[in-house]
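This report goes through a single protein model, from its overall fold to selected residues. Please keep the sequence and the structure in view while reading.

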Amino acid sequence: MSLFSRIQVTTLAFALAIILGLFAIGFAGIAGYIALQAYFDTPLAALLTAIAYLLVALIILAVVKVLNRTSDKAPSRNREGREYNTQQTEELTALLEKFSDPVLVDVIKKHPGKSLATTLAAGVLFGYSQEARSVVKSALKQYFDES
């Protein structure tokens, strides 16, 4: 099985697992609501179910916040565990600023949402369509060969 096929199968499996998980959480809430109706009035049972969902969501957010907390003393590391070279980072930033088009930067600053959506759409299009990639490759090859 090719890498692209495995990625598609994995993505589909994760999407299905997320959907089934959401259904399971929903049915757990309904079951909790029905169980609470035996002890409380209907409006109070619904309120208690909603409060339970809210508490679970807040606990999840608190756990994620604790797990994602970074200390100020810890150096930045890449995937291999090596520390980032801040000089190289600054040089890359300066190089990207040098080649950035001021008109494009202004458009991005004025319309950040549309810029993000356009970039995402282009990434999906070029990531999925071999024909779109070949058209762009040939156009760029002509552009750079003529200059």
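## Contacts and overall fold

Two residues are taken to be in contact when heavy atoms of theirs lie within 4.5 Å. On that basis, among the contacts in the protein between residues at least 6 apart in sequence, 19% join residues at least 24 apart. The model is a predicted one, and its secondary structure comprises six helices and zero strands, so that from the N terminus on the elements read α-α-α-α-α-α.

Of the 147 residues in the protein, 3% are buried.

## Confidence of the prediction

The pLDDT averages 82 over the protein, with 88% of the residues scoring at least 70. Confidence is highest in helix 1 (residues 3–37), where the mean is 91, and lowest in helix 3 (residues 86–99), where the mean is 76.

## Annotated transmembrane regions

An unreviewed UniProt entry lists residues 12–36 and residues 42–67 under "transmembrane region". In the model, the chain over residues 12–36 is 100% helix and 0% strand, and the C-alpha atoms at its ends are 36 Å apart. Over residues 42–67 the chain is likewise 100% helix and 0% strand, with a separation of 38 Å between the end C-alpha atoms.

## A nonpolar surface patch

Which residues form a nonpolar patch on the surface? The patch consists of Tyr39, Phe40, Leu44, Leu47, Ile51, Leu54, Leu55, Leu58 and Leu61, which together have about 920 Å² of accessible area.

One of these residues, Ile51, lies in helix 2, which spans residues 42–67; the UniProt entry lists residues 42–67 as a transmembrane region. Is Ile51 buried, partly exposed or exposed? Because its relative accessible area is 37%, a value between the limits of 20% for buried and 50% for exposed residues, Ile51 counts as partly exposed.

## Serine 115 in helix 5

Serine 115 is found in helix 5, which covers residues 112–128. Why does serine 115 count as buried? Its relative accessibility is 16%, and residues under 20% are classed as buried, so serine 115 falls within the buried class.

When its neighbours within four places in sequence are left aside, serine 115 is in contact with Val107 and Ile108.

Technical notes
Residues numbered from 1 in each chain as written. Predicted model: local features only at pLDDT ≥ 70, side-chain atom pairs only at ≥ 80, totals over all residues. Heavy atoms only, no water. Patch = residues over 30% accessible without salt bridge, like charges linked within 9 Å, V, L, I, M, F, W, Y side chains within 5 Å. Areas by Shrake-Rupley, 256 points an atom, 1.4 Å probe, with all protein chains shown as cover. Salt bridge = Lys/Arg side-chain N within 4 Å of Asp/Glu carboxyl O. Helix = DSSP H or I, 4+ residues; strand = E, 2+ residues; numbered from the N terminus. Buried < 20%, exposed > 50% of the residue type's maximum accessible area, 1.4 Å probe, protein only. UniProt positions renumbered as here; feature names shortened; annotations may be inferred. pLDDT = per-residue confidence, 0-100.
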